[in-house]
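Hello,

Here is the structure we talked about going through. My notes on it follow below.

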Amino acid sequence: PRIALIGIAIAFAAYLFVQVRPALSPRRRALYGELRAARKRAEEASSEPARAVALADAAEIAARASRWVSASGLFLRALRADPHGLELVSRMATALAPRPRRSASILERRMGGIGDGPEERPAFVAMARALLALYDGPLRRRFNAKLITRLIAHEEAALTHAADRAETSDR
């Protein structure tokens, strides 16, 4: 019984060492330092778009460190901070490319939280296009891709209609 307990303790210590070992490498320590600096920039940002850019920077660093959960959370916070930021969507899609399900989950959640206003439509369409690329590509969800394609067509028609209405009211 005592030998088994010692064996289990040694196995647990080896498991902990393997889990902590990546943080001990100089490359990982440098990435974690960059991550802390980017998070600090986000906390000290004076405007929401600046905060969103700093959060996206931190998320990209977390993705390079293979900290996918942190990267996802930071990208979600960035998208909430600047819901009109079109470049945030492409940055997220690029950084989370190795984890398409995680990226799709973030996009779906943000699309559900975006309002119906005309100023929010371009960001919605950008997210829908990124989601379409995931559904057509690595996730291979053809039915969802067809739905998203129709949704994009509808939103673009609404954008065009709103632009036409704005032009006629300006005259």
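How many Å from the backbone oxygen of W68 is a polar atom of the side chain of S72? The distance is 2.8 Å in this model, which is a predicted one.

S72 belongs to helix α4. With a relative accessible area of 7%, S72 is buried, because the cut-off for that is under 20%. Apart from neighbours within four places in sequence, S72 has contacts with L96, R102 and I106.

S70 is also in helix α4, which covers residues 68-81. S70 has a relative accessible area of 18% and therefore counts as buried too, given the cut-off of under 20%. Again leaving out neighbours within four places in sequence, S70 touches R39 and A62.

Which residues of α2 are buried? They are R28, L31, Y32, L35, A38 and A42. Looking down the axis of α2, these buried residues fall within an arc of 125°, so they line one face of the helix. On the face of α2 turned away from the buried side are the exposed residues P26, R36 and E44.

Regards

Conventions: Residues are numbered from 1 along each chain as its sequence is written. This is a predicted model: local features need pLDDT of at least 70, side-chain atom pairs count only at pLDDT 80 or more; totals for chains, interfaces and linings use all residues. Side-chain values use heavy atoms; hydrogens and water are left out. Helices (H or I, at least four residues) and strands (E, at least two) are DSSP runs, numbered from the N terminus. Buried means under 20% relative accessible area, exposed over 50%, partly exposed in between (1.4 Å probe, protein chains only). Contact means heavy atoms within 4.5 Å. The arc is that of the directions from the helix axis to the C-beta atoms. A polar contact is a pair of N or O atoms within 3.5 Å; within protein, one must be able to donate a hydrogen and the other to accept it, and residues adjacent in sequence count only if both atoms are side-chain atoms.
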